[in-house]
Amino acid sequence: MTILVTGGAGFIGSNFILDWLALHDEPIVNLDNLTYAGNLQNLASIATDPKHIFVKGDIADYDLVSALLNKHQVRAIVNFAAESHVDRSIHGPDDFIQTNIVGTFRLLEAVRYYWNELTDQKKKDFRFLHVSTDEVYGSLAPASPPFAETNRYEPNSPYSASKAASDHLVRAYHHTYGLPVLTTNCSNNYGPYQFPEKLIPLCIHNALAGKPLPIYGDGQQIRDWLYVADHCSSIRSVLDGGHVGEVYNVGGWNEKTNLEVVHTICDILDEMVPPRSGFAFSTYRSLITYVTDRPGHDRRYAIDAAKIERELDWQPAENFTSGIRKTVAWYLDHQDWVANITSGAYREWVEKQYKA
């Protein structure tokens with residue numbers, strides 16, 4: 001048997017595949033359309049592994065998905081495929097509607113037809129695991145309890161609205177058609193192979209180049225931070241033991257303001273790679289630059305991960321202190337990876353997005 005991973009060349013998907021193949025003999029079919037954030041270099045270490053079958057394609061391609069399901073007799077799907085950057089969704093929401101809503105719908109349709117043709121036991125054992133985000137719940141007040149699985153959906157950006165719609169489609173396909181689905185809603189991920197448009201890799205990249213570290217507004221927006229390897233382990237736990245039709249919130253129990261996160265990165269870099277002579281600054285914190293806040297910026301996210309801990313005995317292995325040190329060290333050791341993906345188009349995007 002085989003599992004199908006969609007979006008497996010992206011940040012979280014590639015980490016999941018690398019971890020999976022290190023722990024399992026079961027092959028993976030990796031379907032990825034290789035948009036700007038999909039990078040096969042993430043998977044260079046398994047380029048010749050016969051258990052990793054890469055297929056370039058779109059989850060919205062019903063015929064392709066159907067062919068892969070049948071050819072490989074897929075027993076489970078982990079759906080990472082998504083447009084996932086809030087800022088990009090504000091500037092251009094169309095891609096988010098097409099991938100996150102239309103793409104998820106067509107993927108579900110292909111899976112539903114395939115699942116209906118399985119034998120009774122294979123139908124019972126089949127799983128469709130949909131990976132989503134805490135942003136579908138909206139924004140929390142400072143004193144509010146963290147998001148639980150029962151929180152009402154209140155998305156505030158085109159990105160989070162498109163993910164909320166995909167979550168609802170997955171739920172509907174379970175309740176209407178009986179498709180055995182699982183959904184995870186995670187907090188902010190960080191770690192190796194994250195495309196440097198997101199806060200942590202962007203600040204590491206800019207700091208090493210002596211460039212400004214852009215902070216939206218006052219920098220007091222709060223996020224719960226989840227190390228990507230912990231996220232991957234939670235998905236394996238849900239896939240193995242999650243109750244069909246259920247939602248599991250996954251978080252790291254690490255609420256930090258954006259400014260705290262950047263200060264921590266700067267202090268670690270001061271320790272590991274002190275600013276070079278010739279730089280016009282002595283500490284990386286001096287590079288922090290406040291820029292205009294983005295429209296509709298949610299003030300606080302936080303995840304209550306008690307359900308997955310209670311039902312599946314899952315807990316994160318990393319706290320923020322250990323995870324962020326591992327992350328900074330990884331980027332320092334893989335600056336060639338960063339250089340290869342920071343193309344001219346990427347630099348134009350950063351300049352447009354983070355102008356003061």
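**Exercise 1. Which side chain does the side chain of R300 join in a polar contact, and at what distance?**

Solution. The model is a predicted one.

Step 1. Locate the residue: R300 sits in the loop that runs between strand 12 (288–291) and helix 10 (306–312).

Step 2. Look for its side-chain partner. The side chains of R300 and E255 are joined by a polar contact of 2.8 Å.

Step 3. The relative accessibility of R300 is 5%, and the cut-off for buried is under 20%, so R300 counts as buried.

Step 4. List the surroundings. Leaving out residues up to four places away in sequence, R300 touches G138, S139, L140, A141, P142, A143, S144, F147, I222, R223 and E255.

**Exercise 2. Work out the strand order of the 7-strand sheet and find its edges.**

Solution. 

Step 1. The order is 3-2-1-4-5-6-10, in an open sheet with parallel pairing.

Step 2. The edges are strand 3 (52–56) and strand 10 (247–250); each has a single partner strand, so one side of each lacks a neighbour in the sheet.

Step 3. On average, neighbouring strands in this sheet are turned by 20 degrees against each other, direction ignored.

Step 4. Strand 6 (residues 181–186) runs parallel to strand 10 and is joined to it by 4 bridges. Within this pair, V247 of strand 10 stands opposite T183.

**Exercise 3. Determine which strands helix 6 and helix 8 lie across.**

Solution. 

Step 1. Helix 6 (residues 158–177) lies across strand 5 (127–133) and strand 6. Its angle to strand 5 is about 155 degrees.

Step 2. Helix 8 (residues 228–241) lies across strand 4 (74–79), strand 5, strand 6 and strand 10. For helix 8, the angle to strand 5 is about 145 degrees.

**Exercise 4. How many disulfides does a search of the whole structure find?**

Solution. 

Step 1. The search finds 0 disulfides.

Step 2. Consider C232, which is in no disulfide: the nearest cysteine sulfur belongs to C186 and is 10.0 Å away. A pair counts as a disulfide only with the sulfur atoms within 2.5 Å. C232 is buried, with a relative accessible area of 0%.

Step 3. Consider C266, also in no disulfide: the sulfur of C203, the nearest from a cysteine, lies 6.9 Å away. C266 has 1% relative accessibility and therefore counts as buried.

**Exercise 5. Which residues of the largest nonpolar core touch the most other members?**

Solution. 

Step 1. This core has 72 residues, and F16 and V78 touch the most other members.

Step 2. List the contacts of V78. With residues up to four places away in sequence not counted, V78 touches L4, V5, T6, F16, L129, V131, I235 and L239.

Step 3. Note the second core, which is separate and has 24 residues, including A81, A110, W115 and F128.

Key: Residues are numbered from 1 along each chain as its sequence is written. This is a predicted model: local features need pLDDT of at least 70, side-chain atom pairs count only at pLDDT 80 or more; totals for chains, interfaces and linings use all residues. Side-chain values use heavy atoms; hydrogens and water are left out. Helices (H or I, at least four residues) and strands (E, at least two) are DSSP runs, numbered from the N terminus. Buried means under 20% relative accessible area, exposed over 50%, partly exposed in between (1.4 Å probe, protein chains only). A polar contact is a pair of N or O atoms within 3.5 Å; within protein, one must be able to donate a hydrogen and the other to accept it, and residues adjacent in sequence count only if both atoms are side-chain atoms. Contact means heavy atoms within 4.5 Å. Two strands pair if DSSP finds at least two bridges between them. Axes are lines fitted to C-alpha atoms, for helices over the stretch in contact, and angles run from 0 to 180 degrees between N-to-C directions. A nonpolar core is a set of buried Ala, Val, Leu, Ile, Met, Phe, Trp, Tyr and Cys residues joined through side-chain atoms within 4.5 Å.
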